[in-house]
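Hi,

Here is the structure we talked about. Please take a look, then read my notes below.

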Amino acid sequence: MSFASRGEALAGPAEIRGRSLWQDARRRLLANRAALASMILLAIVALLALLAPLLSPHPYDAVYWDRIQAPPDLANAHWFGTDGNGRDLFVRTLYGARVSLAVGILATAVSLVIGVTWGAIAGFVGGRTDDLMMRFVDVMYSLPFMFFVILLMVVFGRHIFLIFVAIGAVEWLTMARIVRGQTLSIKGKEFIEAARAAGVPTRKIITRHVIPNVMGPVVVYMTLTIPQVILIESFLSFLGLGVQEPLTSWGALIAEGADQMESAPWMLVFPATFLALTLFCFNFIGDGLRDALDPRDR
Amino acid sequence: MSAYIARRLLASIPTLLVIVTVAFFMMRIAPGGPFDQERALPPEIEKNVLAEYNLDAPLVVQYWDYLSGVLLGDFGPSFKYRDFTVGQLLATGFPASLKVGGLAILLAVGVGIGLGTIAALRQNRAVDHVVMATAMTGIAIPNFVMAPLLTLIFGVYLSWLPVAGWGGGAPRNLVLPVIALALPQIAYIARLTRGSMIETLHANFVRTARAKGLRERIVVLRHALKGALLPVVSYLGPATAQLVTGSVVIETIFGIPGIGRYFVQGALNRDYTLVMGAVITYAVLIILLNLVVDLVYGLLDPKVKHR
């Protein structure tokens, strides 16, 4: 209320308004060439994935019996060749991009929601609650990850969205720890005290004051979680637990390709390149964001 | 110090108990049982089989029986590997996993910290970029691609090393799985080391060391590295536990008789006792290694005191 109006009065005319942390960060991020190139590249991959059906004459599940494991050829518009079932690899790679990117983003979103809520509450409320909540996180950490994911998938069935949820349900642990640590460090700050003194209820302090102020490290960790999740999905596909035919993901394609790497190297090379490129991009963006939000060491 | 260790070990007992309980009931919530087959068993036989394995008792009773067995060191019989107890399976498999995983983590620590330090000292120069790009590639290539690729190059084309097989753990057979397992870890450790090394090199105590006129080598190795290793050490705890309990992928591809595949196979086959055995092994390792991490912290950081 009065704080806001006083702030504006102090800032004076619009042209000398101060820059927020996020504006600064955005400027620094855009100045980082690797991060910028990565964002553009990632946008292109995402666009290719969205436009997949328009880019190739072949449907992703059409089987060409006469062209099984055919090398790339331009005459039939098989730019990436065909797979072991005679399906066009180019269009399958792009459909795989849809699944892999969706898995990465959705699972990360799930882990974000759980992890941020959990960590912020544990850190802010403190005491017994904190002890109990973080002990629970420790216990979950001590369970082997694969066991957990596999069980979640058997319990909830092998629906693709449940894969997202299952992975996200495992990935939130680190997020919760990060958020808790951050929350502890800002808990004693004056603006929190001010909110308390003004009679803001705890729930509202957490959602309005704590969470927005811990988002920096969270955003960085998020960009590093997405590639991790994509890798986990690929690992599940390798075990035969990933998405189901005829749908596919990069992981599933790579797992098939790894079997045939001698006789049909294109089956491995193209999806693997897309996967590696995407992971590179997310990592560069994550690094760039970290540097942008924490300019101390530059 | 020893009082601290004793207290930590004592405190880990309830944690372990919770882990066992959670794992036990999660396993049972999963639909299907260890003896479900395409063709259903005749009811009388099924009844006998379930009775034989104590699966017909109420769940709570089963839980209690299992828990008291585990306390006496009896992990029960495996449901899938009919003639073995879980204890036997783990005892024969774990040394193999430990050997491969242990070597891999040693390799990863040595190479990773070395590369990370070099990159940090040459920050934003060509060496740094090359090391970091390589590390990123190491992370970006899944090990189920890396492993067959290595076999193809060194086993098939160059025929320097055996393509697969255990050979009783002979060094020749170990090279490829250890490298395949270590590569992503090298990459993570190098990245972690670089990041914290850059931060440490800006710290006041490093400036003091330089101001005293110490040689750069001493400044880096004796002063900076110690502080820079803290995040690496905390990463290494869980990473080591994961590596020495084996990797399904590496064990499948190279035919290593370890315990990594039990986590996955056991969960898929509802081999309750086998999974529980594997989970307990992993949890115990995690708890012990986290304790080691905290102790090493005390060695590296004089501000940390264990009382």
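**The core**

The largest nonpolar core has 162 residues, and A:Ile150 and B:Val275 have the most contacts inside it. Helix 5 of chain A, residues 89-125, supplies the largest share of this core, with 18 residues. Keep in mind that this is a predicted model.

**Where the chains meet**

How many residues of chain A are in contact with chain B? On the chain A side there are 28, facing 35 residues of chain B. Five elements of chain A each give two or more residues to that side: helix 6 (127-142), helix 7 (145-156), helix 10 (202-238), helix 11 (250-259) and helix 12 (266-293). By residue type, the chain A side divides into 22 nonpolar, 3 polar and 3 charged.

**Chain A overall**

Chain A has 12 helices and 0 strands. The C-alpha trace of chain A spans about 75 × 50 × 30 Å along its principal axes. Of the 298 residues in chain A, 43% are buried. What share of the chain A contacts between residues at least 6 apart in sequence joins residues at least 24 apart? That share is 67%.

Best wishes

Terms used: Residues numbered from 1 in each chain as written. Chains lettered and ligands numbered in written order. Predicted model: local features only at pLDDT ≥ 70, side-chain atom pairs only at ≥ 80, totals over all residues. Helix = DSSP H or I, 4+ residues; strand = E, 2+ residues; numbered from the N terminus. Buried ≥ 20, exposed ≤ 12 C-beta atoms within 10 Å, placed from the backbone. Contact = placed C-beta atoms within 7 Å. Core = buried A, V, L, I, M, F, W, Y, C linked by C-beta atoms within 7 Å. Nonpolar A, V, L, I, M, F, W, Y, C, P; charged D, E, K, R; others polar.
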